[in-house]
Each structure stands twice: as structure tokens, then as C-alpha cells.
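Good morning, and thank you for coming. Please take a moment to look at the sequence and the structure on the screen.

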Amino acid sequence: MEGGSLWHEFETDLPAADVWEVYGGLALGQLVPQLLPQVLSKVELVEGDGGAGTVLLVTFPPAGASEPRSYKEKFNVVDDEKYIKEAETVEGGFLDLGFRKYVVRFEVVGKEDGTSVIRSTVEYEVDIEHAKNASLVSTEAVASIAEAITKHIKEQKKSPEQTPE
């Protein structure tokens with residue numbers, strides 16, 4: 001068994017509460033396919049209300065993506081006080097590539113000056129015979145998401161009376 005973790009930090013000039021409003025619930029899954037269709041094409045609610053125990057079916061875009069096409073993830077932790085969400089792949093995705101565990105943790109860390117940092121961590125364990133697949137683990141998607149969501153929140157703050165099409 002081989003394992004590891006990768007992390008990415010994205011500094012925002014937004015208050016942590018504003019960022020968590022999107023990251024903490026189901027809004028993230030609704031926004032990512034709209035803002036970044038090249039990262040995820042669809043996120044569907046299988047069960048739950050956005051809290052711990054929620055299960056999502058996540059589908060990758062058809063163009064250029066290799067198998068597997070989708071995966072199910074379960075929110076193990078949704079902490080509205082510490083602003084931490086942890087989602088574990090429970091079916092498909094990296095599990096089909098010999099991974100025993102694949103967990104993404106989002107943490108929104110508020111800073112004293114009213115800004116925040118989105119810290120995204122990917123933790124994984126992979127069977128030794130599939131160890132070469134560990135090179136597929138990347139923070140590229142979570143980095144793109146942090147940037148796009150931050151931009152989206154800023155645009156929403158500028159024009160609160162406008163609703164997205």
C-alpha cells in the first residue's frame with residue numbers, strides 16, 4: 001500500500017463566511033459544472049441535504065477524459081464552525097484505478113484582515129501494484145475550482161440583484 005497527500009492553497013480577499021457559503025453546501029456542486037464544464041460536466045445529488053452523509057454522483061466531461069467517467073462521493077465531514085468539508089470517493093473514479101482511499105478536504109481559513117485562504121488537500125492510498133496511478137493525483141482541479149468560485153462570489157457581490165442565467 002502506498003499513500004500520500006497533496007495540497008493547494010488559494011488566497012482570496014473575501015471573508016471566510018462568504019467562501020464557506022458556497023463550499024459548505026451543495027452550491028459548489030451546482031456551480032462547478034457551470035463555471036468549469038471542462039473539469040466536471042455534472043454533479044447530481046444521490047442522497048442527503050448537503051450535510052455529512054450526503055452522496056453525490058459526479059460526472060466528468062466526455063472530451064479527452066479517460067475512464068472512469070464518473071464517481072460517487074460521500075461527505076464524511078461538513079463542519080460549519082471550522083469551515084471544513086471532507087468528501088471521500090465511495091464508488092468509481094480513483095477506486096477503479098486501484099486506489100483504496102481518495103479523499104478531498106476543503107478548508108476555508110479566515111484571516112485577521114477579513115480575507116481567507118481556501119486550502120484543498122487530496123489524500124490517497126493506492127495498492128502497490130497500481131502505485132504508478134498515484135501520478136494521476138493532482139491538485140489542478142481543486143486549484144481551478146478555488147479560483148473560479150472566488151471570482152464568481154466577487155461577481156455576485158458586485159451585482160446582488162442579478163441572478164445567474
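Is Trp-20 buried or exposed? Please keep in mind that this is a predicted model. Trp-20 has a relative accessible area of 6%; buried means under 20%, so this residue is buried.

Let us turn to its aromatic partner. The ring centres of Trp-20 and Tyr-83 lie 5.4 Å apart, and because their planes are at 25 degrees, the pair is stacked. Trp-20 belongs to helix α1, whereas Tyr-83 sits in the loop between β4 and β5, so the pair joins distant parts of the chain, 63 residues apart.

A second pair is formed by Tyr-23 and Phe-106, and its arrangement is edge-to-face, with 5.0 Å from centre to centre and 65 degrees between the planes. This pair also links distant parts of the chain, namely helix α1 and strand β6. Tyr-23 is buried at 0% relative accessibility, and Phe-106 is buried at 9%. The structure holds seven aromatic pairs, and ring pairs also connect Phe-94, Phe-99, Tyr-102 and Tyr-124 into a cluster.

I now come to the helices. Two packed helices are described by the angle between their axes and the distance between the axes. For α2 and α3, the angle is about 95 degrees and the axes are 10 Å apart; the two are therefore roughly perpendicular. Of the residues in this contact, seven are nonpolar, one is polar and none is charged. Among them, Leu-28 and Leu-31 come from α2, and Ile-145 and His-152 from α3.

Finally, the buried residues of α3, including Val-142 and Ile-153, pack against β1, α1, α2, β6 and β7.

Key. Residues are numbered from 1 along each chain as its sequence is written. This is a predicted model: local features need pLDDT of at least 70, side-chain atom pairs count only at pLDDT 80 or more; totals for chains, interfaces and linings use all residues. Side-chain values use heavy atoms; hydrogens and water are left out. Axes are lines fitted to C-alpha atoms, for helices over the stretch in contact, and angles run from 0 to 180 degrees between N-to-C directions. Helices (H or I, at least four residues) and strands (E, at least two) are DSSP runs, numbered from the N terminus. Angles under 35 degrees count as roughly parallel, over 145 as roughly antiparallel, 65 to 115 as roughly perpendicular and the rest as oblique. Contact means heavy atoms within 4.5 Å. Ala, Val, Leu, Ile, Met, Phe, Trp, Tyr, Cys and Pro count as nonpolar, Asp, Glu, Lys and Arg as charged, and the others, Gly among them, as polar. Buried means under 20% relative accessible area, exposed over 50%, partly exposed in between (1.4 Å probe, protein chains only). Rings of Phe, Tyr and Trp (its six-membered ring) pair if their centres lie within 6.5 Å; planes under 30 degrees apart count as stacked, over 60 as edge-to-face and the rest as tilted.
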